Amino acid sequence: MRHDKIGTAAKSDGLIVALGNEWLKRNVGNRLMRKYYTSAVMRLAARLKLHLLKMVIPKSGTNLEDYLHPAYFTQVAQASLKVARQDEDDEEELVAPSNAIKLSYDIKRLAGLKLAKAIKMGHQEKRSEAKDFLKLMSIEWSTKLSRVHDPRRKEVRRQEATAATRLYNQTSKVS
């Protein structure tokens, strides 16, 4: 992992490190690519954390675990859109919508890790926080990030691909 602000944030947060360990376990057989997959997931989670730090700082601390609380659900969704690089001119347009989709899976996994840790440590409050956050994810996440799953986006991409193909075919006939 690169030694920059994002890499440092990823390595200094225990929950992000635990997420990285999960990804290493999932890709144990793929010795060649597992470090790249793990690094990418950890860096994406660290970007989320850095955007969250710019938005609000919880009273309980600045680790990503502190943001996986039902009170910060809206901020987590907004930060996910910022990680997907929301276009400043058009808020409905995302430069990297796949980042928001990947983050949704990783946020669920992070909340699951928080829940597992709370169960093992016997913290009822953190356990209920994680459960409630996961419940909010299942109920509201798709509406908070509806622009990522917008069917019109797929149609625009299909039209752009068709136009590019037609342009290529026209230039091929001329040559």
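## Aromatic pairs, a nonpolar core and a bent helix

Both Y67 and Y72 are buried. These two tyrosines also form an aromatic pair with edge-to-face geometry, 5.9 Å from centre to centre and with 70 degrees between the planes. The model is predicted, and every value here is computed from it.

The structure holds 3 aromatic pairs. A pair of aromatic rings is described by the distance of the centres and the angle of the planes. F73 and W141 make up one of these pairs. Their arrangement is edge-to-face, with centres 5.9 Å apart and planes at 70 degrees. This pair links distant parts of the chain. F73 lies in helix α5 (residues 73-83), while W141 lies in helix α7 (residues 124-144). The two residues are 68 residues apart. Both F73 and W141 are buried. With F133, they form one aromatic cluster.

Another ring has a charged neighbour. R26 lies over the face of W23, at 4.5 Å from the ring centre.

**The chain as a whole**

Which elements build this chain, helices or strands? The chain has 8 helices and 0 strands. Along the sequence, the pattern reads α-α-α-α-α-α-α-α. Of the 175 residues, 35% count as buried. Now take contacts between residues at least 6 apart in sequence: 62% of them join residues at least 24 apart.

**The nonpolar core**

In soluble globular proteins, nonpolar side chains tend to be buried together. Here, the largest nonpolar core has 37 residues. Which of its members touch the most other members? They are L48, I107, F133 and W141. Several helices contribute: α1 (5-12), α2 (14-26), α3 (34-55), α4 (64-67), α5, α6 (97-121) and α7 each supply at least two residues. Helix α3 gives the most, with 8 residues.

Look at L48 and its contacts. Leaving out residues up to four places away in sequence, L48 touches L64, V76, A79, S80, V83, L103 and I107.

**Helix α7**

How well does the length of α7 agree with its number of residues? The helix has 21 residues, and at 1.5 Å a residue it should span 30 Å. Its end C-alpha atoms are 28 Å apart, so the two values agree. The helix also bends, by about 45 degrees at S138.

The buried residues in α7 are E129, A130, F133, M137 and W141. An α-helix has 3.6 residues a turn, so residues three or four places apart point the same way. What covers the buried residues of α7? The cover includes α4, α5 and α6.

E129 sits in α7. Why does E129 count as buried? Its relative accessible area is 14%, and buried means under 20%, so E129 qualifies. Leaving out residues up to four places away in sequence, E129 touches L68, H69, P70 and K114.

At 2% relative accessibility, M137 counts as buried.

**Helix α6**

L110 is found in α6. Is L110 buried or exposed? L110 is buried, at 1% relative accessibility. Its contacts, not counting residues up to four places away in sequence, are with L15, I16, L19, L64 and L68.

A116 is also placed in α6. At 30% relative accessibility, A116 counts as partly exposed. The cut-offs explain why: buried is under 20% and exposed is over 50%, so 30% falls in between.

| Residue pair | Along the chain | Between C-alpha atoms |
|---|---|---|
| L110 and E22 | 88 residues | 9.9 Å |
| M137 and A77 | 60 residues | 9.5 Å |
| A116 and K126 | 10 residues | 9.9 Å |

L110 and E22 are 88 residues apart along the chain, yet their C-alpha atoms are separated by 9.9 Å. For A116 and K126, 10 residues apart, the C-alpha separation is 9.9 Å.

Definitions and conventions:
Residues are numbered from 1 along each chain as its sequence is written. This is a predicted model: local features need pLDDT of at least 70, side-chain atom pairs count only at pLDDT 80 or more; totals for chains, interfaces and linings use all residues. Side-chain values use heavy atoms; hydrogens and water are left out. Rings of Phe, Tyr and Trp (its six-membered ring) pair if their centres lie within 6.5 Å; planes under 30 degrees apart count as stacked, over 60 as edge-to-face and the rest as tilted. Buried means under 20% relative accessible area, exposed over 50%, partly exposed in between (1.4 Å probe, protein chains only). Helices (H or I, at least four residues) and strands (E, at least two) are DSSP runs, numbered from the N terminus. A charge sits over a ring if NZ of Lys or CZ of Arg is within 6 Å of the ring centre and within 35 degrees of the ring normal. A nonpolar core is a set of buried Ala, Val, Leu, Ile, Met, Phe, Trp, Tyr and Cys residues joined through side-chain atoms within 4.5 Å. Contact means heavy atoms within 4.5 Å. The expected span of a helix is 1.5 Å times one less than its number of residues. The bend at a residue is the angle between axes fitted to the seven residues ending there and the seven starting there.
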